[in-house]
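Okay, thanks everyone for coming.

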Amino acid sequence: MNRLTADDDLFLKLHALYGNALVNQLAWRFDEPVDQAVLERFHAHLAHGFLARRVRTTAVPFARPWWVPAAQSIPLAAQADTVPEDGVLDWFFDQSRVDFDPSVGRVWRLSSAPTDTGGMLLSLVTSHVGADGGAVLYAVGDALDRLDSGAPVDIATSSGRLVGDLPSTGLYRRHFADALGQLRAAAKGIRAAVAARGVQEPARNPRPAEPALDLPDRHTAASLVVEVGLAEWNTVAAAHQGTANGLMVGVAVGILGCTGRIADGAEVRVDIPHSMRLPDDPRGNATTGLPIAVRYRAGELTDLAQVRAAIKKAARAYADPATTPALQHLQPVQMMLPKFVLDRFSRTAKAPECLCTNLGETGQTVASFAGVRARSVLMRPVVCTNDTELFRRVEVGLNLSWSSDGETVTLAVTGADPDRFPTREALRECVAKEFAAWGLHPVFWS
């Protein structure tokens, strides 16, 4: 049985508390339309593939929920009206407005729209309950391979075979065995957490209460998409003794500092997701996080050599249980907590101050649909519209998502602090200023 991971379980509980507060999006821009029949076949492959999963639960205490194939999916949403060039970003964001239901398998939606220049936009929005970025790319890559080869729509021979199923016999025996295993894992985790109680994670900076702008009750986070030549990006990174990943972190710290969110000389906590996905991995979420501390100096570029050293140090520390922070050992305990307990914890929980996700060369493997190649491929987390006070209370900051097709870097930037990034224009001003300081020449999506 393909049991939920601790991250799956956490996202499931957060979904119950907040709905679709955060979703993932894989987006394509085509210069020519993709045939509707091709999109329908692609949708059918997805509906029988790795993303097509729903959550089953049991009344056996401490036994984990598990995944089974989904019985339904959200139909392909093919829009007839064209999208103007200056409305592309808005259209992509609008696709995040969808109600997911993990209990029936409605955890993804594919949508398309023609552009007024004769091209096409395509969006795949997924719930984080059932899939992290690596899982989405795996599912899409498998669906496109089957589309190109003319393979039939089939769970048994596609990535859908990894989702898992309901055993025909011995179900309660399996549940009791899993519950016992979870109790053992919790006991082991508590012992490890006690042993690692002296290990400290980088601290986050408290969000300044001022300024507090006069904003509506509901807020939509400011978001941008920026393209830069990969050769230029790598040249700038190397010139400052850094890597492509380190430059992303350096740019992020500079953008955050531009707003006054962090003080001169402060160390910014930057969370860097790291994939743990293996070949034929059945897990929906298989990602861990590496938090590092990066010093911000007003008027100066981030020290990329320091960023590089911090990432290496964090990777070594999290590879050894003895130097892994105590909270990381308590994931089995977290899975046992009922929702009402997490509800109380959520009132004091904080969002990442700065989140930087490197998705690698995603465009290489998922850019072509039956011979039609996308001009741009983007993958990003989308912070959905929510209460302005919720954004302030959880102290959400800045998210960056980096990907490349081997020639162009596509950087998705989301400034979710409503008082520092109240509008897309305010975010763009900070991004343009930081890129200019590094000698980078960005091209902004409309």
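Predicted model: local features only at pLDDT ≥ 70, side-chain atom pairs only at ≥ 80, totals over all residues.

Let's start with helix α4, residues 133-149. That's 17 residues, and the helix reaches 24 Å from its first C-alpha to its last, close to the 24 Å expected at 1.5 Å a residue. Is α4 mostly covered or mostly open? Mostly covered: 12 of the 17 residues are buried. Among them are Val 136, Leu 137, Val 140, Leu 144 and Leu 147, but you'll also find Asp 142 and Arg 146 on that list. And what does the covering? The elements include strands β1, β6, β12 and β14, along with helices α2 and α12.

Now look at the two ends of α4. At the start, a side-chain oxygen of Asp 132 comes to within 3.3 Å of the backbone nitrogen of Gly 134. After the helix comes Gly 150, and its phi is positive, near 75°.

Arg 29 counts as buried because its relative accessibility is 4%, while Glu 85, at 33%, counts as partly exposed.

Next up, Asp 90 and Arg 424, which meet in a salt bridge at 3.0 Å, N to O. Again distant parts of the chain are linked, with Asp 90 in helix α3 and Arg 424 in helix α14, 334 residues apart. Asp 90 is partly exposed at 38%, and Arg 424 is partly exposed at 24%.

The last pair is Glu 389 with Arg 392, where the closest N and O atoms are 2.6 Å apart. Why are these two separated by about one helical turn? Because they are three residues apart in helix α13. In general, an α-helix has 3.6 residues a turn, so residues three or four places apart point the same way. Arg 392 is buried, with a relative accessible area of 16%. Glu 389 and Arg 392 also belong to a network of salt bridges, together with Arg 207, Arg 261, Asp 417, Asp 419 and Arg 420.

The peptide bond from Glu 210 to Pro 211 is cis, with omega near 0°. Pro 211 is in the loop between α5 and β7.

Then there are positive phi values in residues other than glycine. Asp 280 has phi near 55°; you'll find Asp 280 in the loop between β9 and β10, and it's partly exposed at 45%. Ala 370 has a positive phi of about 50°. Ala 370 is in the loop between β12 and β13, and it's partly exposed too, with a relative accessible area of 43%.

Finally, the surface. Which residues make the nonpolar patch of about 260 Å²? Phe 62, Leu 180 and Leu 183. Phe 62 is in the loop between β2 and β3, and it's partly exposed, at 40%.

That's my tour, so over to you for questions.

Note on methods. Residues numbered from 1 in each chain as written. Heavy atoms only, no water. Patch = residues over 30% accessible without salt bridge, like charges linked within 9 Å, V, L, I, M, F, W, Y side chains within 5 Å. Areas by Shrake-Rupley, 256 points an atom, 1.4 Å probe, with all protein chains shown as cover. Salt bridge = Lys/Arg side-chain N within 4 Å of Asp/Glu carboxyl O. Helix = DSSP H or I, 4+ residues; strand = E, 2+ residues; numbered from the N terminus. Buried < 20%, exposed > 50% of the residue type's maximum accessible area, 1.4 Å probe, protein only. Expected span 1.5 Å × (residues − 1). Contact = heavy atoms within 4.5 Å. Polar contact = N/O pair within 3.5 Å; in protein donor to acceptor, adjacent residues only side chain to side chain.
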